[in-house]
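Visitor: I have a structure to look at and would like to talk it through. Could you help me read it?

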Amino acid sequence: MGRIVLNNVTKSFGETQVIPPLDLTIEDGEFAVFVGPSGCGKSTLLRMIAGLEDLTSGQIEIDGDDVTQVPPSKRGLAMVFQSYALYPHMTVRKNIAFPLRMEGMDQSEIDKKVEAAAKSLNLSDYLDRKPAALSGGQRQRVAIGRAIVRNPSAFLFDEPLSNLDAALRVGMRLEISEMHESMKTTMIYVTHDQVEAMTMADKIVVLQAGVIEQVGTPLELYHTPRNVFVAGFIGSPKMNIFSGSEAEKLGAHTAGIRPEHIDIDLSGGTWKGTVGVAEHLGSDTFVHVHDTALGDLVTVRIAGDVAVKHGDTIYLTPQMDKIHKFDEQGLRV
Amino acid sequence: MTNRSLPRLLQAPAVLLLLVWMLVPLSITLYFSFIRYVLNSLRKPEWTKPALSNWRGFGNYEFVLNNKDFILAIQNSLLIVCSILILTVIFGVLIAVLINKTFMGRGVVRVLLISPFFVMPAVNAVLWINMILDPVLGLQGLAVAGINEVIDGLRNLPILGGFFSMWPELEPISFRATQTSAYAVITMVTWQWTPFAVLIFMTSLQSEDQQQKEAAVLDGAGTWSQFRFLTLPHLARPIAIVVMIQAIFHLSLYAEIEIVSRGNGNKNLPYLIGEFANNNIGAASATGIFAVILANIVAIFLLRMIGKTLMD
Ligand SMILES: Nc1ncnc2c1ncn2[C@@H]1O[C@H](COP(=O)(O)OP(=O)(O)OP(=O)(O)O)[C@@H](O)[C@H]1O
Ligand SMILES: [Mg+2]
């Protein structure tokens, strides 16, 4: 079980309010991802849920119980830190066993649980090593193992993969998703990474300056962003957002079109421009186009490989049904 | 010249200097320890010059071993060094952990805490033995007299007076006496060197990983468990360093012992050497060789015990 409800929580450090009043519900078994620009309060929010940071006001409930005043260890949550936070003087075995030992569990039972966790995380061969003798990925697994053995009602992850290299990140991402599928435990996951957010989440929470801009499934956010900020934040490469006369022609104050929803042609189309940089990824080509009627640089994503190069003149045509329109307040219309 | 021998050649002056630095005094001490050599002798003026013709073999060593103060000096050296090590490490860890928390005026408290370390050893000894530990004029004397006065007053109370009159009169302890002077030395050196330990432990505590602590909090570790399982292992290396450095320093304590009791009852090896060196250089050198051996035994012992944490 692990239904987490935040009621009107706020957080101030001294005079500065980092989190204005905020409400959020995370259902039992849900995989919720917090995304947002750096410094928007993702970690703070997570630490408040964990109990590592006091609330300035408001209330947190876990499974219907008010835990606002409950100390971190009694909340039944486990946290995995970006820096792993392993205990450097203990072996892997002792690290994983630590929370159980603190509970005062029998040694034989501890051994059983540690062995089981190590087996599920492929750590059996490393149990007697110290963390310093492990690779980044193995360390992160130990940190996850230490969280699993506690059998928590929810897992909290604060950018757990950002210290790993790209290939390892993909692997660990799958493992964590796999873990969620098999355990069905609530997970809250903070990340910077678009792909992690889109692929892992049941529900994405987009934050800006401590304010929730939108909550929804990954595809909801992709197809119907509630405002300009979410539109620009979700999706990679970024949506092309423009205002002024071209937007007014479409009947909006501000309009946006994703790079993958623009077609190109060499002879004619809606907007004329000059190719700047063309990034050929093989599967896709990202073309950055200057000097269009939209003003800013426009990014276009074309499937496959197209032969355009720097300085070419090019015509862009948006797919009209994929255009997002926003009003003066930046809200979707 | 191979490219190995060039670096060796360049290092040679430094190595040579170190060798000379160590070997010359050691050889001279060894040489003196095997001859009869005194500063002053009316009966045997030929002994006042070091010469091979005054060869005494192991005679000086026998003389030292048979001296009634020798075993006592070794015991005292060990007692003083070990006590100081244990006390400074315990107080050092406690104080360092205490002032690691942020509180008002922490900067001032830290500076004050470090200050005993900048007092000269001789001054430190004079202050302690005359102003604090003196049984009449020192703080100790005044405190004991004060307590006695209070108890005296209580004896006149109507009912409880009977209870208080069963209490004995407190006697101030004289720290210049044979049995207690070593404790005075231990107290004052501990006071002086605890700041050193605090300083080293404090810097180490600041490099302690805060996320580890938070992880431990979530894992259900209380304050004591965090200290026992995270902070103490984290401090293992600085503790080893503090123990090593202090062991080297305190084996050669001299000023404090001179000032507290002129060696009365708490001579250590350096003090005994000093006494012999008033006249009998041969015996002083032999004691010096014993001191070198003792220092090596202590060093090997410490390296065995602590070296592992340093290598880790
Ligand atoms: N202990 C603190 N004292 C004062 N301000 C703090 C403290 N911790 C965080 N802040 C401020 O709170 C804001 C939110 O910080 P937080 O660490 O939650 O951001 P974040 O969204 O996790 O950023 P990132 O993605 O870079 O990790 C930041 O502006 C930060 O400066
Ligand atoms: Mg963060």
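Guide: The conversation below goes through domains, chain contacts, a ligand and charged pairs. Please keep in mind that this is a predicted model.

Visitor: Which domains does chain A have?

Guide: The domain assignment divides chain A into domain 1, covering 4-230, and domain 2, covering 238-326. Taken over C-alpha atoms, the centres of these two domains of chain A are 38 Å apart.

Visitor: Why quote an area for an interface?

Guide: The size of an interface is often given as the accessible area lost when the parts come together.

Visitor: How many salt bridges and polar contacts cross between the domains of chain A?

Guide: The rule finds zero salt bridges between domain 1 and domain 2 of chain A. It does find two residue pairs in polar contact across that interface.

Visitor: Changing topic: how many residues do chain A and chain B each bring to their contact?

Guide: Chain B brings 16 residues and chain A brings 22 residues. Together the two chains bury about 1700 Å² between them, with 62% of it on carbon and sulfur atoms. Leu218(B), Asp219(B) and Phe229(B) supply 41% of the area that chain B buries against chain A, more than any other three residues.

Visitor: How many salt bridges are there between chain B and chain A?

Guide: The count between these chains is three salt bridges. One of them joins the side chains of Glu214(B) and Arg47(A), at 2.7 Å from N to O. The rule also finds seven residue pairs in polar contact across the interface of chain B and chain A.

Visitor: Which elements of chain B give two or more residues to that side?

Guide: They are α9 (210-218) and α10 (223-250) of chain B. The largest share, seven residues, comes from α9(B). The chain B side as a whole divides into eight nonpolar, five polar and three charged residues.

Visitor: Now the ligand, please. What surrounds ligand 1?

Guide: The residues around ligand 1 include Phe13(A), Val18(A), Ser38(A), Glu159(A) and His192(A). Gly39(A), Cys40(A) and Lys42(A) are also among them.

Visitor: Where do oxygen atoms of ligand 1 lie relative to Gly39(A), Cys40(A) and Lys42(A)?

Guide: A polar backbone atom of Gly39(A) is 2.8 Å from an oxygen atom of ligand 1. For a polar backbone atom of Cys40(A), the distance to an oxygen atom of ligand 1 is 3.2 Å. In the case of Lys42(A), an N or O atom in the side chain is 2.7 Å from an oxygen atom of the ligand.

Visitor: Back to charges: how many salt bridges are there over all chains?

Guide: By this rule the count over all chains comes to 21. One salt bridge is between Asp193(A) and Arg169(A), whose closest N and O atoms are 3.4 Å apart.

Visitor: Which parts of chain A does that pair tie together?

Guide: Asp193(A) lies in the loop between β8 (186-190) and α6 (194-200), and Arg169(A) lies in helix α5 (residues 166-183), so the pair ties together parts of chain A that are 24 residues apart in sequence.

Definitions and conventions:
Residues numbered from 1 in each chain as written. Chains lettered and ligands numbered in written order. Predicted model: local features only at pLDDT ≥ 70, side-chain atom pairs only at ≥ 80, totals over all residues. Heavy atoms only, no water. Domains from an automatic or database assignment. Salt bridge = Lys/Arg side-chain N within 4 Å of Asp/Glu carboxyl O. Polar contact = N/O pair within 3.5 Å; in protein donor to acceptor, adjacent residues only side chain to side chain. Contact = heavy atoms within 4.5 Å. Buried area = accessible area lost by both parts, 1.4 Å probe. Helix = DSSP H or I, 4+ residues; strand = E, 2+ residues; numbered from the N terminus. Nonpolar A, V, L, I, M, F, W, Y, C, P; charged D, E, K, R; others polar. Near = heavy atom within 4 Å.
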